[in-house]
Protein chains: 2
Amino acid sequence: MTPGGAGVAKQHLDRAAGSVAGDTLEAYLQAQATEFLRALRQHRETGGTASHGNGAEETVDAARALRRSARRISGTLHTFRPLLDTDWSEGIRPELAWLSGTLAREHAYAARLDRLLEALHRLSGPSPIPAQVPSGAREEKSNLTVGAAKAGALLERQLTLARTRAHSAALQALGSSRFHAVADNVAVLASEVPLSPAATTAHLKPLAAAAEDRLTDAITQLPLVSAGHPYNSEALVHGLSADPAPHPQDAPWHQVRLLLRLHRYAREVLYGTEAPVDVRLLDSGQALDRHRDAAEAATAAASAARTPRIAPATAYALGVLHADQRHEVEAARFAFQRAWLRETVGTS
Amino acid sequence: MTPGGAGVAKQHLDRAAGSVAGDTLEAYLQAQATEFLRALRQHRETGGTASHGNGAEETVDAARALRRSARRISGTLHTFRPLLDTDWSEGIRPELAWLSGTLAREHAYAARLDRLLEALHRLSGPSPIPAQVPSGAREEKSNLTVGAAKAGALLERQLTLARTRAHSAALQALGSSRFHAVADNVAVLASEVPLSPAATTAHLKPLAAAAEDRLTDAITQLPLVSAGHPYNSEALVHGLSADPAPHPQDAPWHQVRLLLRLHRYAREVLYGTEAPVDVRLLDSGQALDRHRDAAEAATAAASAARTPRIAPATAYALGVLHADQRHEVEAARFAFQRAWLRETVGTS
């Protein structure tokens, strides 16, 4: 945990003066490793369990900071791997991916439930879902609203269970020897980045440019023309297909989301984390986050509809919900197309 | 049935030379009445029942031509009512509306079923719905595809029944004394249009302009700003509300559809049925037709989901289908906004 905040900031400023690739990379990785260790300490101090009263929010923040730095370290090791000790960086990368994946799951289930319940309320129109179903004449009329309420309860049950399991798994992971090995490796990184001999002569920019090329190549493969045509109905094409697995048409978009993130991290290495945000990258990335979230929410609604012995009204509401989220997927692709093809504006 | 095709065409050409309002209106109404009587004769000759082999298509064509001219006569009597004998035209208008409504229903149910089955196939993805469900391991996976097939069968049963009933009702209507009174009135119209004294001095254009004003006023009331914003999610806002009745938000759009039709007919009176079509009016009208069709199809899917004792998989498929058609409603509003706000292009 050697370099403090001020020292890191100074090293970042030095980059402009043409410091060699190794120094810049080292400074970035050390800063991220320091942040990782800080977040880990915070997570331990706040109890590491979201069920505590006061510590809950700090724990969530700490877990988010841990994921954030783990992703940045992992992405940077990937993009600039010729500058780093191969064995070491190829050993730690899958471990960081495991960690950030494990930590992300709890948050993802919570966000998915929020998204689906919010959609159910939106789809039920301006009037709130009645707490009690009036008997008699209005019973049949209220059927589908009951369906929406039942669908919400079913999703809440299923996703809360999944979230609780993810929470336990995260806690277990943070106490495991596997995690301690990761933490030890990150502690090494904070004091001394294992650079390769190439780091003294090579340059960062070609490697960052290669990451950008991988992004733009992948975007070229996306169906951007149809995505830019509103209401193309493509996202729902498999809406009733037999396969409940994530739609194969989503995969290239998810891949672009990851490549965009790598590109963003490479820019952070080059220009510093304090550099002005590229609005186009920001908007494009947010559209792809929304794409991923909506796609997973749609899958969750479809999965819930496969629960045995649910009422037809519940299944109907889940069908409407699934289609709604698939349209969100389509809307997100449209938003991405708009953001990406827009000329770079603003500050960067 | 006095004026033949050639005579009518000549009268239409005379309009440009400044003939008085009454003559132009008379020529248009006589042409439409003649067309009505021709279609009626054709309908009777082809048997008047769609179940015959050869005659079926001609009967459908004849019924369409009957509806077409009935709508035009009724609309023209409405727009230009100060030029016509009030008692007579106010007596015949509801009768023409009853007739075209009765004749339209059979066609509407058939078109609705086609639209819904087409959507079910589109939503089931590129691979066709399997004719047989494989047993064992894949049984659960095929669940929702079975749902789509069952939903299709249910809609087919319900809408075919409705269509058959509408067919019988149309046949019964065409044999009724009420219908014969309408036909007699239209025969009068074909030989002598009951004009009011004002018809010799008044002008058509102010009345046609008033019809256009009613249209543009109604369009001003539409939420065109949000409709022009793709993926606004407004059409599905009541997707899960308790009320299965047509969405109240659709009504102003349906009203504009009718006013657009009246405006189009008024233009026919002024410029003749052979005048070049205004592309903007055509596109706007088609968008509103699609809006109406999708809204009614969405309602049919929601109604089918209320059938007692259906399987959850069937209800789920109907939910997806309902949401899909409500998104078609939203897409149609977007298309209307685009068509209407576009500058008048082309030939008119």
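Visitor: How do the residues of the lining of the second largest pocket divide into nonpolar, polar and charged?

Guide: This is a predicted model, where local features need pLDDT of at least 70, side-chain atom pairs count only at pLDDT 80 or more, and totals for chains, interfaces and linings use all residues. Ala, Val, Leu, Ile, Met, Phe, Trp, Tyr, Cys and Pro count as nonpolar, Asp, Glu, Lys and Arg as charged, and the others, Gly among them, as polar. On a 1 Å grid over the protein atoms alone, a pocket is an open set of points where a 1.4 Å probe fits, with protein on both sides within 12 Å along at least five of seven lines, and lining residues have an atom within 4 Å of a point. For the second largest pocket, the lining divides into 14 nonpolar, nine polar and 16 charged residues.

Visitor: Which residues are the closest to the centre of the second largest pocket?

Guide: Residues are numbered from 1 along each chain as its sequence is written, and chains are lettered from A in the order in which they are written. Of the 39 residues lining this pocket, the closest to its centre are Arg71(B), Ala104(B), Arg257(B), Arg261(B) and Arg292(B).

Visitor: Why does the second largest pocket lie between two domains of chain B, and which are they?

Guide: Domain bounds come from an automatic or database domain assignment. The pocket lies between the two because both give residues to its lining: domain 1 (1-202) and domain 2 (203-348).

Visitor: Which helix gives the most to the lining of the largest pocket?

Guide: Helices are DSSP runs (H or I, at least four residues), numbered from the N terminus. In chain A, α3 (55-79), α4 (86-123), α9 (251-271) and α10 (279-304) each supply at least two lining residues. The one that gives the most, with 13 residues, is α9(A).

Conventions
Heavy atoms only, no water.
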